[in-house]
Amino acid sequence: MTGPRPVRAPRGTEISARGWQQEAALRMLQNNLDPEVAEHPDKLVVYGGTGKAARDWPSFDAMVRTLRGLKQDETMLVQSGRPVGVMQTHEWAPRVLIANSNLVGDWATWEEFRRLEALGLTMYGQMTAGSWIYIGTQGILQGTYETFAAVAAKRFGGSLAGTITLTAGLGGMGGAQPLAVTMNGGVALCVDCDPRAIDRRIEHRYLDVRADDLDHALRLATEARDARRPLSVGVLGNAAEVLPHLLAMGAPIDVVTDQTSAHDPLAYLPLGVDFADMADYAAAKPAEFTERARTSMARHVEAMVGFQDAGAEVFDYGNSIRGEAKLAGYPRAFDFPGFVPAYIRPLFCEGKGPFRWAALSGDPADIHATDRAILDLFPENESLARWIRLAGERVHFQGLPARICWLGYGERDKAGERFNEMVADGTLKAPVVIGRDHLDCGSVASPYRETEAMRDGSDAIADWPLLNAMVNVASGASWVSIHHGGGVGIGRSIHAGQVTVADGTPLAAEKIRRVLTNDPGMGVIRHVDAGYEEAADVADRRGVRVPMRET
Ligand code: NAD
């Protein structure tokens, strides 16, 4: 079989690989392409515009075959979604090493990337698409929930009740926005040009209702706001048209952000183009399409700046829309901040970030058991407990049951070791994979997003993600990846990921202790080095060694 077909990870304890480490990589690759998980599985696209799990179907088949035969002392090498080698290594080495979308600096443009992609030489790996640890929209839900909680704390007394948040983009990641807003008590007005995206979020209970048109949407939103009732409303439209229109009519908007696929101009619908024609037009005339998309983004961002001038809380949600608007010549594109310097960096200083895990058994009861373990391990952390309880009630699993919560240095290793014990003693029916987003405290250089406005100006220094990947390889992770261009697009980021399998063995316990200490430790030292006192305090309190602070 070499063409598109439905893919789904096997469940249960019977394995087709030679061990659980390999089986885990196999199931997570397959899980990324599960139609419940992936946005466009036939094209191997998982999320984030064109973020793929494998370069093409023959590469996918070769990876499945190779993982099944891979020994405990072998490592499969993946170059942009294609398996290119198997090397003898050793038991502590990762079973898979992945490099996706990397290009030499001067060549790191979308144009060159697309040229190479058309030749079949590379693919866009996004962050967790090509590194096989995407867990559906829940993955981003918790980060989005945290961000809106921070907005509420900063501007609205700790709750979004009685406010309206305007945003666009209800795709794989952006689809988390409506639920994150309602979980914080607010009203969300969400624009998307794809009716399927709206319907899919309603089906997964991330979005409450679909309005007939913009007037209807605004009426529903203001009624709910006046009643201080949480509600999310989806409305069909082009954000570059809808936002200026809402601004001009003086719509009562309190918070504005955006998660259209602006990082990739070929995935942003330009003004005056029908959604039905978008894919063909982008493929036929990419340069013209890009120019029109950028001009439309400039109008979109201009409206966002207009809302900020009118007093709304406005932030870029990590999709590069300010950068694209600037390229189109809009001078005030960077008048509003990115979400990391505005809300997230203090968490990064503590080594906190999006820790996640998936149950290879396929049984939701395994995740519920791990939820209880988290509540038991960190009883003092109220917001974590609130999240775990809400997630248990509200999150619809996509593909293998999974959970995410933000944990910091000194916490992730505790959770990982507990999960490994639960596999060993039979509390869990099968092993668990433990990974994270590449959007983490010490794993990414991305000057428009995670490393925007670093205190020492080191925004574009990309040594950190490379060190992060190397330390995870050296610490015993099960698979490690280095990607370029995730989140914000080609030329704008370099980032690394790791996944470690809790298979219940003493060896896994040793690896987990090291990986889940050193990985968030990178976040602490990265921020100490950049001059953040909060990070230095964490390092001193927790004993993270920083040679330049030792005498
Ligand atoms: P996606 O491709 O799955 O969805 C994008 C959505 O935008 C689609 O539903 C599309 O129909 C819609 N869209 C495109 N142009 C539009 C327009 N002009 N008007 C209205 N809707 C339009 O992408 P995704 O995975 O949801 O990611 C969205 C963006 O968010 C990406 O740029 C991604 O890199 C970024 N992102 C940010 C974070 C974060 O932590 N802040 C995390 C992940 C992704």
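Helices (H or I, at least four residues) and strands (E, at least two) are DSSP runs, numbered from the N terminus. Counted that way, the protein chain has 18 helices and 17 strands. The radius of gyration, taken over C-alpha atoms, is set here against a globule rule of 2.2 Å times the number of residues to the power 0.38. For the protein chain that radius is 22 Å, close to the 24 Å that the rule gives for 551 residues, so the chain is as compact as a globular protein of that length. The C-alpha trace spans about 65 × 55 × 50 Å along its principal axes.

A quick note on what is being looked at: this is a predicted model, where local features need pLDDT of at least 70 and side-chain atom pairs count only at pLDDT 80 or more, while totals for chains, interfaces and linings use all residues. Residues are numbered from 1 along each chain as its sequence is written.

How much of the chain is tucked away? A residue is called buried if 20 or more other C-beta atoms (placed from the backbone) lie within 10 Å of its own, exposed if 12 or fewer, and partly exposed in between. On that count, 58% of the 551 residues of the protein chain are buried. Contacts tell a related story, with two residues in contact if their C-beta atoms, placed from the backbone, lie within 7 Å. Among contacts between residues at least 6 apart in sequence, 71% join residues at least 24 apart.

Next comes a stretch with a label. UniProt, in an unreviewed entry, lists residues 136–343 as "domain: Urocanase Rossmann-like". UniProt positions are given in the numbering used here, feature names are shortened, and annotations may be inferred rather than shown by experiment. Over residues 136–343 the chain is 49% helix and 11% strand, and the end C-alpha atoms sit 23 Å apart.

Now for a sheet. Two strands pair if DSSP finds at least two bridges between them. An open sheet of 6 strands runs in the order β8-β9-β7-β6-β10-β11, with parallel pairing. Its edge strands are β8 (209–210) and β11 (313–314), each pairing on one side only. Strand β6 (residues 164–168) runs parallel to β7, and 5 bridges join the two; Ile164, for instance, has Val187 as its bridge partner in β7. Strand β6 is also joined to β10 (residues 255–256) by 2 bridges, again parallel, and here Leu166 stands opposite Val256.

Strand β7 is mostly covered, with 6 of its 6 residues buried. In a regular strand the side chains alternate between the two faces of the sheet. In β7, Val187, Leu189 and Val191 point one way, Ala188, Cys190 and Asp192 point the other way, and all are buried.

Just after α5, Gly185 takes a positive phi of about 90°.

A residue is near a molecule if its C-beta atom, placed from the backbone, lies within 6 Å of it. Surrounding the ligand are 34 residues, the closest being Gly171, Met173, Asp194, Gly318 and Asn319. The elements that give two or more residues to this shell are α4 (138–155), β7 (187–192) and α8 (239–248). By class, the shell has 16 nonpolar, 15 polar and 3 charged residues. For this tally, Ala, Val, Leu, Ile, Met, Phe, Trp, Tyr, Cys and Pro count as nonpolar, Asp, Glu, Lys and Arg as charged, and the others, Gly among them, as polar.

Where does the "active site" annotation fall? The unreviewed UniProt entry puts it on Cys405, which is found in strand β13 (residues 402–407). Cys405 counts as buried because it has 23 C-beta neighbours inside 10 Å. Leaving out residues up to four places away in sequence, Cys405 touches Gln142, Phe355, Ile374, Leu384, Trp387 and Ile388.

Most residues other than glycine have a negative phi. Ser80, though, has a positive phi near 40° and lies in the loop between β3 (74–79) and β4 (82–88). Ser101 has a positive phi near 65° and is found in the loop between β5 (96–100) and α3 (110–118). Ser80 is buried, with 25 C-beta neighbours inside 10 Å, and Ser101 is buried with 26 other C-beta atoms within 10 Å.
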